[in-house]
Amino acid sequence: MDLGIKGKRALVCASSKGLGRGCAEALAEAGVNLVMNARGAEALEAAAAEIRSKYGVDVVTVAADVATQDGRDALLKEAQGVDILVNNAGGPPPGLWSDWDRDDFIAALDANMLAPIALMKALMPGMIDKGWGRVVNITSGSVKAPIPQLGLSNSARAGLTGYAAGTARQVAEFGVNINNMLPGIHATDRAVSLDTGVAKAQGIDIDAAKAQRQATIPARRYGTAAEFGAMCAFLCSNHAGFIVGQNIVLDGGAINATI
């Protein structure tokens with residue numbers, strides 16, 4: 001399917017690996033030129049080189065932490081005028097409700113709520129001026145069904161979801177669509193980290209921890225970055241113009257809900 005976005009330009013945050021990389025690849029396959037961002041310069045440059053070689057699109061890289069003002073300033077210097085924004089950031093660490101203090105919550109909010117909002121505020125005016133734009137926020141299935149040990153993530157991502165819900169209805173008339181993607185467990189470094197934590201807590205090996213988690217997913221497997229990226233590219237396409245302010249769950253059926 002021709003997504004109708006060849007030649008457009010996208011900023012994809014945290015795109016050197018994992019779900020962000022999957023989104024960057026799918027957009028590049030559709031002919032979208034990229035501004036790729038991650039904190040680690042080496043992994044970022046390697047990912048960008050592979051995408052340039054494979055898809056023949058222009059790729060600019062910005063190694064920066066978007067949770068900081070300096071990081072956002074460096075990123076926005078290269079990303080002004082983009083047509084597509086994909087917000088993404090690694091989740092805060094798991095723990096118990098009693099583990100976290102104010103500084104922990106502020107760090108989670110900075111990375112998973114306030115930074116995406118700042119990028120939307122900076123880049124959507126240009127989209128509105130052009131009469132076309134797409135914003136995809138990668139949040140978490142925990143927004144729909146909270147995960148007890150991920151209280152920091154539950155809180156910060158739910159805040160972003162609330163902001164996006166109201167804002168999406170304000171900018172849709174200008175051809176700018178905001179939607180959120182809610183991943184369950186995918187085969188990324190995050191899954192390895194969570195499975196390692198379970199393995200240590202239960203005194204089992206990581207393969208057993210992974211099998212245990214897969215058994216809770218109706219699809220009986222983890223998702224892939226490629227299929228996640230394909231949905232992101234569709235939401236950024238001309239075919240998704242009537243999808244506004246939605247939360248798309250990609251979790252293999254793990255969240256047991258009618259709606």
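A polar contact is a pair of N or O atoms within 3.5 Å; within protein, one must be able to donate a hydrogen and the other to accept it, and residues adjacent in sequence count only if both atoms are side-chain atoms. Asp101 caps the N-terminal end of helix 4 in this way, with a side-chain oxygen 3.2 Å from the backbone nitrogen of Asp103. The model is predicted: local features need pLDDT of at least 70, side-chain atom pairs count only at pLDDT 80 or more, and totals for chains, interfaces and linings use all residues. Residues are numbered from 1 along each chain as its sequence is written, and side-chain values use heavy atoms, with hydrogens and water left out.

**Helix 4**

- Gly131 follows helix 4 and has a positive phi, near 80 degrees.

**Burial of helix 4**

- Buried residues of helix 4 include Ala108, Pro116, Leu119 and Met127 (buried means under 20% relative accessible area, exposed over 50%, partly exposed in between, with a 1.4 Å probe and protein chains only).
- Among the elements covering these buried residues are strand 1 (9–12), helix 3 (69–79), strand 5 (133–138) and helix 5 (151–171), where contact means heavy atoms within 4.5 Å.

**Salt bridges**

- The count is six salt bridges, each a side-chain nitrogen of Lys or Arg within 4 Å of a carboxyl oxygen of Asp or Glu.
- Arg21 pairs with Glu25, the closest N and O atoms being 2.8 Å apart; both lie in helix 1 (residues 18–29), four residues apart, about one turn of the helix.
- Arg21 also forms a salt bridge with Glu50 at 2.6 Å, N to O.
- Glu50 lies in helix 2 (residues 41–55) and Arg21 in helix 1, so this pair ties together parts 29 residues apart in sequence.
- Arg21 is buried at 17% relative accessible area, whereas Glu50 is partly exposed at 47%.
- Arg221 and Glu227 form a salt bridge with closest N and O atoms 2.9 Å apart; Arg221 is partly exposed at 39%, and Glu227 is partly exposed at 35%.
- Through shared partners, salt bridges join Arg21, Glu25 and Glu50 into one network.

Technical notes. Helices (H or I, at least four residues) and strands (E, at least two) are DSSP runs, numbered from the N terminus.
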